[in-house]
Amino acid sequence: MAGFPLAVVMLLHLSSSSSSTSLPSSTVLDPLFLYIDEHQNEFVQRLREWVAIKSDSSDRTLWGETHKILNMTANRIQEMGGQVEFADIGTQKLSNGESVALPPVLLAQFQRDPNKPTLCIYGHVDVQPAKKEDGWSTDPYNLTEINGNLYGRGATDNKGPVLAWLHALETYKASKQEVPVNLKFVIEGMEEVGSDGLDELTRQRNESFFSDVDYIVISDNVWVSKRPALTYGTRGSSYFFVEVDGPKLDLHSGVFGGSVHEPMTDVITLLGSLLNHTGKILVPGIYESVAPLTEEERKLYKDIHFDMEEMKNHIGVKSFLQDNKEEILMSRWRYPSLSIHGIEGAFSDPGSKTVIPRRVIGKFSIRQVPNMDPAVVERQVKEHLQEVFAKQKSPNSLKVMATVGAKPWVANLNDPQYIAGRKAVKAVFGVEPELIREGSTIPIANNFQEVTGKSVMMLPIGGHDDGEHSQNEKISRYNFIQGTKLFVAFFYELSKLQKDQ
């Protein structure tokens, strides 16, 4: 991040020195905004229909639902005059040796005008698992409006934003206004399980589908406060499985307890060696590649509106591991983190069961930041766990496996679409956007940037309290509708910026 403050200064200079410094013409945008307001109930109803589809990509038995929502998306695009293609991304091999086709990626485009910039919009229509008994207050697949909030799985991640983009396009067409940019769409159904095959598809289509793309925009994240934001970076992620095998069968603890070295003991020791009570990762060398924090960068966090007390109350914790706003945000965005997710093979059903599991698998992930290499992190983790296991002198066997390996992403804030994004936010919300990073992982952002070499921006419309991946996921009606206006304004500002250059 060397030179980052200068990038911000240059961005502000470019924004102010453009020959088009005034707000977008009301004669262009006001009729479009009026259409959105008048049709917001229709837009919400369409979101209700999409949320009802259980497109949980982690459950292969529900891939038919994923196909269904992809077909609905394709139909909507075709109704507006777009051309669609379902691109094959390969197969997944099952444990029984059978191979099944992965849900395809939807590629769509509209008739191109060589005098307009070409914007490619990425989104996904698959969702995380959700069950009422997990702690939802409402049926997760029945969009329910309560106090202006639209609750349902996928409402904010990512069906709501995808629909908002389509509604923005619909708004131009229904209002008889020319769409000011060329549009392409990449919509997938496997994002929640790692976007299998999408990186390779991007490489295959780099000289064709992506060849005339000028900008790529992603709306698959949320604001960090109640103010709108532009996102310029995300963390990467690697997922680890620590498997310990012991006896050839489960054992009765009354018969064998105290006489065998239990695999569960090893796994707990191994997981406990990964981080301390302050959240510091204990794997040697893990922080060596993290860019040092400069005083200039530290100052950037002071302007972000993040309410510690509100967030503590929202997620139900008494305190954070850090003491102030700046340190909390940096721990979520610019430093790596390690989270332990569970133990497979352990008894977790209600009631009691006095069993010694023969095999257990600990699961954890590491969120990585710029300059960290997933391959290096994987090697460091494996060496650390093998060293800890060796000290246990355990007769059991250890296997450490890593998956995902998604790289972090950082954008160039001098890219023109960040200027257009700032102007669009100001036109709709009346404030300057916060420039933020994102603690989660959106692998395709880095993949798009590395493979295509195009400008990539994240333009979120989700609220800071939307609870993506959690119980009671929602998007507010305000964000859903104003977000649609933001996308309408972004089309306009992007085209105007290009004309002014």
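1. Phe487 is buried, at 0% relative accessibility, where buried means under 20% relative accessible area, exposed over 50% and partly exposed in between, with a 1.4 Å probe and protein chains only. The model is a predicted one, in which local features need pLDDT of at least 70 and side-chain atom pairs count only at pLDDT 80 or more, while totals for chains, interfaces and linings use all residues. Residues are numbered from 1 along each chain as its sequence is written, and side-chain values use heavy atoms, with hydrogens and water left out.

2. Rings of Phe, Tyr and Trp (for Trp, the six-membered ring) are taken as a pair if their centres lie within 6.5 Å, and planes under 30 degrees apart count as stacked, over 60 as edge-to-face and the rest as tilted. By this rule there are 13 aromatic pairs. In one of them, Trp165 and Phe487, the ring centres are 3.6 Å apart and the planes stand at 0°, so this pair is stacked. Because Trp165 belongs to helix α5 (residues 159-174) and Phe487 to helix α15 (residues 477-500), the pair ties together parts that are 322 residues apart in sequence; helices (H or I, at least four residues) and strands (E, at least two) are DSSP runs, numbered from the N terminus.

3. Trp165 is also buried, with a relative accessible area of 1%. Ring pairs join Trp165 and Phe487 with Tyr172, Phe490 and Phe491 into a cluster.

4. Two charged side chains deserve a look, on the criterion that a charge sits over a ring if NZ of Lys or CZ of Arg is within 6 Å of the ring centre and within 35 degrees of the ring normal. The charged end of Lys184 is placed over the ring of Phe209, 4.6 Å from its centre, and Arg334 lies over the face of Tyr335, 4.9 Å from the ring centre.

5. Most residues other than glycine have a negative phi, and most peptide bonds are trans. In this model, however, the peptide bond between Asp157 and Asn158 is cis, with omega about 10°, and Asn158 lies in the loop between β7 (149-151) and α5.

6. Positive phi values at non-glycine residues may also be checked. Lys176, in the loop between α5 and β8 (182-188), has a phi of about 65° and is exposed, with a relative accessible area of 75%. Asn472, in the loop between β19 (455-458) and β20 (474-476), has a phi near 60° and counts as partly exposed at 23% relative accessibility.
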